[in-house]
Each structure stands twice: as C-alpha cells, then as structure tokens.
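Here is a short report for a reader who is new to this structure. Please look over the chain before reading on.

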Amino acid sequence: MIEIRGSCCEICGVPGSVRSLQVHHRLAVLRGGDDSDANLLVLCFACHHHLQPCATGCGRWAKKPATLCRHCRTRRELEHLYPEASWEEIKVRHPSLTATWPPGYEPRSAIQRF
C-alpha cells in the first residue's frame, strides 16, 4: 500500500526514508469505513498525529489546531456570506467548489450551524 502510493506522506510529501509512514483511514472503520484504497491515506507519523475528527461529525478530518475540516470551513464561510440562501442555492452559486467535495458530502442541518 505505501509503496503503491509513492512511499511519501500524502499531506506533506516527506518520503518514508526520512520519516516513518503509516496508513490512515479517511473514514474510521468504527464509523462505517473500510479498507478500500479510496478510504486510505499514507501519512507520516507527524501528520497522522495532527489529525482529529471534524467537530461537525461529517466524518472528515481536521488538521490540529483547526477543529473543522476544510470542507466544513468552506461551507461555514459560504453560509455566512449568504445567510438567507438555502444550501441548494449556495451550491448553484458556487458549482466549482461543491464539485470538488467528496461524494456524499452534504451539511447536516441539525448540527451544522456553528
């Protein structure tokens, strides 16, 4: 797995010859994730240590000291820019942003107002 992914950390790019590499699950197995290639990341121990679950519960990861993943931060900023717009209207206004988000990523209306 590590060799197939280039033997480098997928966040900072440090090679395995410089720093120990580990395999990380994007969505934890206990949260319904699996061992498929799409759900795995190769990380150095430093980047792996600095990840924490997103505070919104979306299933993504935030890099400490941030508590929100980049998708939730972007969504929060968009909702702040357009307080009266529905989520569907925001997605229509910014299709290039929402097109890059992971499949199945949508805000959870009950807990997503930060």
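## Terms and basis

Buried means under 20% relative accessible area, exposed means over 50%, and partly exposed lies in between (1.4 Å probe, protein chains only). Helices (H or I, at least four residues) and strands (E, at least two) are DSSP runs, numbered from the N terminus.

This is a predicted model: local features need pLDDT of at least 70, side-chain atom pairs count only at pLDDT 80 or more, and totals for chains, interfaces and linings use all residues. Residues are numbered from 1 along each chain as its sequence is written, and side-chain values use heavy atoms, with hydrogens and water left out.

## The chain as a whole

The chain holds four helices and four strands. Their order from the N terminus is β-β-α-β-β-α-α-α. The chain has 114 residues, and 31% of them are buried.

Contact means heavy atoms within 4.5 Å. Among contacts with a separation of 6 or more, 40% are between residues 24 or more positions apart.

## Helix α2

Helix α2 covers residues 70–81, which is 12 residues. The expected span of a helix is 1.5 Å times one less than its number of residues.

Which residues of α2 are buried? They are His 71, Cys 72, Arg 75, Leu 78 and Glu 79. These residues cover an arc of only 120° around the axis, so they sit on the same side of α2. The arc is that of the directions from the helix axis to the C-beta atoms. An α-helix has 3.6 residues a turn, so residues three or four places apart point the same way.

The buried residues of α2 pack against α3 (87–93) and α4 (95–99). The face turned away from the buried side carries exposed residues: Arg 70, Glu 77, His 80 and Leu 81.

Glu 79 is in helix α2. Its relative accessibility is 13%, so Glu 79 counts as buried. Glu 79 and Ile 90 are 11 residues apart in sequence, and their C-alpha atoms are 7.7 Å apart in space.

Arg 73 also belongs to helix α2. Arg 73 has a relative accessible area of 32%, so it is partly exposed. Leaving aside residues up to four places away in sequence, Arg 73 touches Ala 66 and Leu 68. From Arg 73 to Cys 54 is 19 residues in sequence and 9.9 Å in space, C-alpha to C-alpha.

## The largest pocket

On a 1 Å grid over the protein atoms alone, a pocket is an open set of points with protein on both sides within 12 Å along at least five of seven lines; lining residues have an atom within 4 Å of a point. The largest pocket holds about 430 Å³ of space. Of its 17 lining residues, the closest to the centre are Arg 26, Arg 60, Trp 61, Arg 70 and His 71.

β4 (61–63) and α2 each supply at least two residues of this lining. By type, the lining divides into 10 nonpolar, two polar and five charged residues. Here Ala, Val, Leu, Ile, Met, Phe, Trp, Tyr, Cys and Pro count as nonpolar, Asp, Glu, Lys and Arg as charged, and the others, Gly among them, as polar.

## Backbone details

Most residues other than glycine have a negative phi, and most peptide bonds are trans. Where is there a cis peptide bond? It joins Lys 64 and Pro 65, with omega about 10°. Pro 65 sits in the loop between β4 and α2. At 79% relative accessibility, Pro 65 counts as exposed. Pro 65 and Leu 51 are 14 residues apart in sequence and 8.9 Å apart in space, C-alpha to C-alpha.

Ser 7 is not a glycine, yet it has a positive phi of about 55°. Ser 7 lies in the segment before β1 (21–25). Its relative accessibility is 28%, so Ser 7 counts as partly exposed.

## Leu 40 in strand β2

Leu 40 lies in strand β2, residues 40–44. Its relative accessible area is 8%, so Leu 40 is buried. Beyond residues up to four places away in sequence, Leu 40 touches several residues, including Met 1, Arg 5, Val 23 and His 24.

Conventions
On a 1 Å grid over the protein atoms alone, a cavity is a set of points where a 1.4 Å probe fits but cannot get out, and a pocket is an open set with protein on both sides within 12 Å along at least five of seven lines; lining residues have an atom within 4 Å of a point. Grid points are joined across faces, edges and corners, and a volume is the space filled by probe spheres set on the points.
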